[in-house]
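Open the model in your viewer and keep the selection tool at hand.

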Amino acid sequence: MSPHEAFNERGFVWFRGALSDAELSTIEAQCEFGARPGYRPDANQKLVSMISIGSTLGDLSQKLISGAMPVRLVAFNKSEDSNWSVPWHQDRVIAVENKHKLKSFQNWTKQGSYWHAEPPERLLQEMMFARIHFDRADEGNGAMELSVGSHRLGKVAAHHAKEEAERRSIEVCHASRGDVLFVKALTLHRSGRARDVSRRRALRIDYAASTLPPPLKWAIRT
């Protein structure tokens, strides 16, 4: 099964050892991980160039969604000082430059430097996120878990997320430094608290090929 076929069938695909230590070190130097879950790092020019078309990561994204561009960044650093669990859920928000009242964009919140909103389901179905692993990840340090094929369900109400996720096989995202995981945006996922409190850093990059209806603009533009 090709990466594209696996991505569409299972909702995610791995590229093991995709990034060299030099590439990882460059991204690390440009990306503050913060001390809280879901830190929003600044999308500076150097960092954006490392995740856009022409970079290793950007070129991998094109194998899955043609024209995909980075549109949001979220950094995670699960450690002794910042340890958390997240129940089964879908990430259904996008980051935009400014808030504008459009009927199909709802639940507006300000997070970091950008406004976030829940877009129409059609847009989410055309999106994915990449997860760069900077450290080992497994059951011991709270690795992410994925519900295989759950992206086909469309939007799932929060109170049904656990039930729907557990109807399917679950994959624990074991990873080593340099591994990259691409996941369809509507895939149900969760993570538990770390029992092993060693550092577990990851950078999530949301990718989209679609343009937004004016006057909305993506938070990150390449």
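**The cavity**

A cavity is a set of points on a 1 Å grid over the protein atoms alone where a 1.4 Å probe fits but cannot get out. The model is predicted, so to speak, by record: local features need pLDDT of at least 70, side-chain atom pairs count only at pLDDT 80 or more, and totals for chains, interfaces and linings use all residues. Residues are numbered from 1 along each chain as its sequence is written, and side-chain values use heavy atoms, with hydrogens and water left out.

The largest cavity has a volume of about 40 Å³, a volume being the space filled by probe spheres set on the points, which are joined across faces, edges and corners. Select Asp 91, Val 93, Leu 124, Met 127, Met 128, Ala 185, Arg 204 and Asp 206, which line the largest cavity; lining residues have an atom within 4 Å of a point.

**Strand E12**

Next, select residues 200-208, strand E12 (strands are DSSP runs of E, at least two residues, numbered from the N terminus). Nine of its nine residues are buried, so E12 is largely enclosed by the rest of the structure; buried means under 20% relative accessible area with a 1.4 Å probe, protein chains only. Arg 204 and Asp 206 are among the residues pointing one way from E12, while Arg 201, Leu 203, Ile 205 and Tyr 207 point the other way.

**Its partners**

Finish at strand E7, residues 128-133, antiparallel to E12 over six bridges, where Met 128 stands opposite Tyr 207.

Methods: 1 Å grid on protein atoms, 1.4 Å probe; cavity = no way out; pocket = protein on both sides within 12 Å on 5 of 7 lines; lining within 4 Å. Buried < 20%, exposed > 50% of the residue type's maximum accessible area, 1.4 Å probe, protein only. Helix = DSSP H or I, 4+ residues; strand = E, 2+ residues; numbered from the N terminus. Pairing = 2+ DSSP bridges.
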